[in-house]
Amino acid sequence: MTEQVSIALGQGSSCWGCFQSLIDIHLKLADVLPLLDIKYWQAVVDYKLSDLESYPDKSIAVGVYEGMARTEEDVHLLKTLRAKCKILIAFGTCSCFGGIPGMANFYDIEDCYDVKFRNNKTFSDGEVPSENVPPIESIVRPNRHYVDFDVYLPGCPPTSSLILTALTSLIEGKEIELPPHTVCHYCSREKKETPVPEILRPFKGNADPDRCLLEQGYICLGSATWGLCEGQCVNKGVTCRGCFGPPPPITQDHGAASISMLGSYAPLLPDELKEQVPDPIGYFWRFDYPSSHLGNMRIKREDAKNAK
Amino acid sequence: MPNDKVIRVDPVTRLEGHGALTIKLGSDGKVKDVQFNVGSTRFFEKFLEGRPMEEAPRITPRICGICPIPHHLASVKAVEAAWDVTPPPAAVKLRRLLIEAKQLSSHAIHFYALAAPDFVFGPFADPSVRNVAAVLKHLPDVAVQAIKLMEFGQELCRTVGAKAIHPTTAIPGGMLSPLKEDERDEWLKKVPEMLENINKTVELAKNVVNMYIDVVTKVAVTPTYYIGLVNDGKLDIYDGKVRVMDPDGKTVAEFEPKDYTNYYGEHIPGHSYATHIYYKPAGYPDGIWRANTLARCNVADEMATPLANEALKEMREVVGRPSHHTFAYHWARIIEMVQAAEWIKTLLEDPEIVSTDVKLSDVEPKAGNGVGIVEAPRGTLLHNYECDEKGIITKANLIVATNNNIAGIEKSLMDAARFVFEQKGHEKLKLPDPLVKT
């Protein structure tokens, strides 16, 4: 038997979907799990945070961090994993780019508190909890603002086969090689290079099942998105919303690239586009606002406010 | 009080989220306070504002990676309620297939990966072995049947939902993708093996319950209200009315989702970002209710499918109705797995499941207020959105499944803490030899 690889898996603020996707390698678990010496994985094994903190620095081979850092505790766990692990993986889109919960940066944290804790349809005059809970960061910063990562594995969630490829490479000590194509490469729909006459919301009409959804007027981010998903949605009649982020180099601005893509497909006047695309920031920066240029300006604004 | 002792469990493990436990003991050894501290939140209700309402079913699944399908469906139902849209019958059947498949895989992962290690290795086993990786090592046959059930559920979700985690095919007015005949045929072929694994799971669960009956009937027996969806009195996870049962077993309310604000109260605790949901007419904390498997089995008159209903009768003979036994949640989980398996078979055998008439083409947004409710594996899940005339969300209220249970978890933890620290009851429990000795 190959020697076990030590691994610590941490969860920031997230949905656990990336870990569910790991579980979904199904019977391959029987091959992979025995090769891993799990030092920390709160949802699966019974070690506590103090156990993780007690390991010597760089004593664990691989660290995996799922989710974004919403609380001080999340930031602490992220930094602890970085300190204890030789290789650190940003696991999933939240960890790579901020993810869907990064959309909270569209608003001020006080406005978030209002609907969550102070007043909503089922309560009124509540207060923000503060006893035995970690303080909430006023803004979502990309995880790479706090630590350096060695590997980025995007996807909401990364597919099970992608995770298996990555784990196998790590266990064998090899570089992870990933194809650079966009979603369109995996889409079976036909492109006819015809201009988009009008932008349609996704519930409108019934799409031709054989033709490019974007050319039919449905906003689809496939041509600006890394195709590690292998086209799961587009091949089932569903437009891409960009959940794997941009293709390599992944530091490029996914939202800006998506808008530029739309511009080249839909030669509409700016006023028409504005009218027909009701929520550009929510369409084009849904998964990566905190790590985009726009999102970075938002974070700087927050820093300026807090510096006062 | 200088002599007070605080016990902190951080994090609570085998939980797919952020929880810690704080127990305060007085100098007299009495349990003074128990807190279940949920340490994170992400503000979905705020950032849904401003989004086109049809995008909500594509955003809200990210609330939970284990139960993204119930979120996808509660969300699309809320949009359809606000816009007065009724999807075609075949689309409803596909959605039901999707949610039953999810119920199956979620209950399997919970029973085998989160709960079973305690029963297989015993509650006092070393933390390093009390996990699913050790189950795989010591009981490979059991692990394989668990993995095959999870695989069946998750992969069926992928077929219907495009993605097993964070599905995308439900849209206001129906489904974006019909089930193809060859896909249906492939799934039908896999049903017999799945049913065989369900039977093995039922046998294993019965065995475990018998071995641990002293724990089931003595630890954390906590009377609360219960909430769950019923359809014509039967347990249903996709559609129906919300029923509330009081601690004595009396049905005190049965209402349409749209009327929820008359019955749902939400308490904002000072020590948890997950709020406490309760039965509003009874007030807080008297009206604390629980949701999830046992709650559904309590409120329903019967199960919707025959084998599951036999299993429910068997459980009721032992623990009664309502059952306040927190450990009976595992038993109820198995009964619901049986119902999910029976539903999946029935739906796959229904010729309409491959109908291509699954989506309306004339859906139009309008100003409205819609509520959508389904049962997530962990309890009743509610999405409520308001939108303007263009269909842009102006207000959102989400009552997620787990929040129905947080106050109840705290209450049953208090009972368990008193049992352990005040009565030393755990020393007198009849515990079996572990299935696997480590």
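Select Asp84(B), found in the loop between helix H3 (68–83) and helix H4 (89–121) of chain B. Helices here are DSSP runs of H or I with at least four residues, strands are runs of E with at least two, and both are numbered from the N terminus. The phi of Asp84(B) is near 55°, a positive value in a residue other than glycine. Asp84(B) has a relative accessible area of 60% and is exposed. Buried means under 20% relative accessible area, exposed over 50%, and partly exposed in between, with a 1.4 Å probe and protein chains only.

This is a predicted model: local features need pLDDT of at least 70, side-chain atom pairs count only at pLDDT 80 or more, and totals for chains, interfaces and linings use all residues. Residues are numbered from 1 along each chain as its sequence is written, chains are lettered from A and ligands numbered from 1 in the order in which they are written, and side-chain values use heavy atoms, leaving out hydrogens and water.

**Backbone stops**

Go to Ala220(B), in the loop between helix H8 (213–218) and strand S6 (225–231) of chain B. Its phi is near 50°, again positive in a residue other than glycine. Ala220(B) is buried, at 7% relative accessibility. Most residues other than glycine have a negative phi, and most peptide bonds are trans.

Now pick Tyr284(B) and Pro285(B): the peptide bond from the former to the latter is cis, with omega near 5°. Pro285(B) lies in the loop between strand S11 (276–279) and strand S12 (289–290) of chain B. Move on to Arg321(B) and Pro322(B), joined by a cis peptide bond with omega near 0°. Pro322(B) sits in the loop between helix H10 (306–319) and helix H11 (328–349) of chain B.

**Helix and hairpin**

Select H11(B). Its 22 residues should span 32 Å at 1.5 Å a residue, and the end C-alpha atoms are 32 Å apart, which agrees. The expected span is 1.5 Å times one less than the number of residues. Of the 22 residues, 18 are buried, so H11(B) is largely enclosed by the rest of the structure.

Next, show strand S13 (residues 368–376) of chain B. Eight of its nine residues are buried, so the strand is largely enclosed by the rest of the structure. S13(B) pairs with strand S14 (residues 379–387) of chain B in the antiparallel sense, over nine bridges. Two strands pair if DSSP finds at least two bridges between them. A hairpin of two residues joins S13(B) to S14(B).

**Rings**

How many aromatic pairs are there over all chains? A search of the whole structure finds 22. Rings of Phe, Tyr and Trp (its six-membered ring) pair if their centres lie within 6.5 Å; planes under 30 degrees apart count as stacked, over 60 as edge-to-face and the rest as tilted. Tyr283(A) and Phe284(A) make a tilted pair, 6.2 Å centre to centre with 50° between the planes. Tyr283(A) is buried at 2% relative accessibility, and Phe284(A) is buried at 3%.

Compare Phe255(B) and Tyr263(B). Their ring centres are 4.1 Å apart and their planes at 5°, so the pair is stacked. Phe255(B) is buried at 3% relative accessibility, whereas Tyr263(B) is partly exposed at 21%. Both belong to one aromatic cluster, whose members include Tyr225(B), Tyr260(B) and Trp289(B).

Then select Arg96(B), which lies over the face of Trp343(B), 4.3 Å from the ring centre. A charge sits over a ring if NZ of Lys or CZ of Arg is within 6 Å of the ring centre and within 35 degrees of the ring normal. The charged end of Lys190(B) sits over the ring of Trp187(B), 4.4 Å from its centre.

**Salt bridges**

Last, select Lys236(A) and Glu183(B). Their side chains meet in a salt bridge (3.0 Å, N to O). The pair crosses between chains, from the loop between helix H7 (160–172) and helix H8 (254–265) of chain A to helix H7 (residues 181–211) of chain B. A salt bridge needs a side-chain nitrogen of Lys or Arg within 4 Å of a carboxyl oxygen of Asp or Glu. Lys236(A) is buried, with a relative accessible area of 13%; Glu183(B) is buried too, at 17%. Finish on Asp46(A), Arg14(B), Asp118(B) and Arg130(B), linked in a network of salt bridges.
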